[in-house]
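Please open the model in a viewer and keep the sequence at hand. The stops below follow one another as a series of selections.

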Amino acid sequence: MRIVIAGGHGQIALRLERLLAARGYEVAGLIRSAEQGDDLRESGAEPVLLDLESASVEEVAAHLHGADAAVFAAGAGPGSGTARKDTVDRGAAVLFADAAVRAGVRRHVVVSSMAADAAHKGDDVFDVYLRAKGEADDYVRSLAALDWTILRPGSLTNEAGTGLVRLEAHTGRGPVPRDDVAAVLAELLDTPATAGLTLELIGGSTPVSVAVKSVAGN
């Protein structure tokens, strides 16, 4: 199974790459800087140099051909301004989805954000971010050619994962370790029956595998 991850050097993506490589999957991560390549190799992933803010659909699709699944885990980051919320958090997500359709990769998992909403009000950077993520999610959900799952984690932490989560259509706000987000993503990729679901994720009391199985097919 080959999986291509957009935002391959992100904190969640690096964790996910380790998990998938440990399962014996072939993993490729799209990165903007060649200097990030060693970190991906250490995680068991193949680094692919490609800037989603300047690449064409055809260029992205070329790297997706032959993949079994695609994961969008890219983000402009907390230090970026409103312009990059649009070009990365919305624009790159749309581009990556279009490229997956072009390449015939149906399974598509998106790392979104709690409270993402295209109708979100406000002009602060975080308001723009939530709107951008909401618009991207809406676009992905409109594509009949994709078997999409959208994961919306709560407040991300770097605490060690517990393997215990709450995964539902609506969980309410709460923290969740990045380790556990990556573990849920890996399980979602192994559970095609979660296609068509938008799920919120926070820390909880249910083992990751059980939590994913409980929402599959709903």
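Begin with strand 2 (residues 26-31), which is mostly covered, 5 of its 6 residues being buried. Buried means under 20% relative accessible area, exposed over 50% and partly exposed in between, with a 1.4 Å probe and protein chains only. Helices (H or I, at least four residues) and strands (E, at least two) are DSSP runs, numbered from the N terminus. This is a predicted model, in which local features need pLDDT of at least 70 and side-chain atom pairs count only at pLDDT 80 or more, while totals for chains, interfaces and linings use all residues. Residues are numbered from 1 along each chain as its sequence is written, and side-chain values use heavy atoms, with hydrogens and water left out.

**Helix 1**

Next, select residues 11-22, which form helix 1. Its buried residues are Ile12, Ala13, Leu14, Arg15, Leu16, Glu17 and Leu20. Just after helix 1, glycine 24 takes a positive phi of about 90°.

**Strands 4 and 5**

Move to strand 5 (residues 107-111), where 5 of 5 residues are buried. Arg107, Val109 and Val111 lie on one side, and His108 and Val110 on the other. Strand 5 runs parallel to strand 4, to which 4 bridges join it; here alanine 69 stands opposite arginine 107.

Now centre on alanine 70 in strand 4 (residues 69-72). Is alanine 70 buried or exposed? Alanine 70 is buried, with a relative accessible area of 0%. Beyond residues up to four places away in sequence, alanine 70 touches Val4, Leu64, Phe96, Val105, Arg107, His108 and Val109, contact meaning heavy atoms within 4.5 Å. The C-alpha atoms of alanine 70 and histidine 108 are separated by 4.9 Å, although the two are 38 residues apart along the chain.

**Helices 4 and 5**

Finally, display helix 4 (residues 82-103) with helix 5 (residues 125-141): they pack at an angle of about 10°, their axes 9 Å apart. The two helices are therefore roughly parallel to each other, a term for angles under 35 degrees. Among the residues making the contact are Ala93, Val94 and Ala97 of helix 4 and Val128, Tyr129 and Ala132 of helix 5. The residues of this contact divide into 10 nonpolar, 1 polar and 6 charged. Here Ala, Val, Leu, Ile, Met, Phe, Trp, Tyr, Cys and Pro count as nonpolar, Asp, Glu, Lys and Arg as charged, and the others, Gly among them, as polar.

Terms used
Axes fitted to C-alpha atoms, helices over the stretch in contact; angles between N-to-C directions. Parallel < 35°, antiparallel > 145°, perpendicular 65-115°, else oblique. Expected span 1.5 Å × (residues − 1). Pairing = 2+ DSSP bridges.
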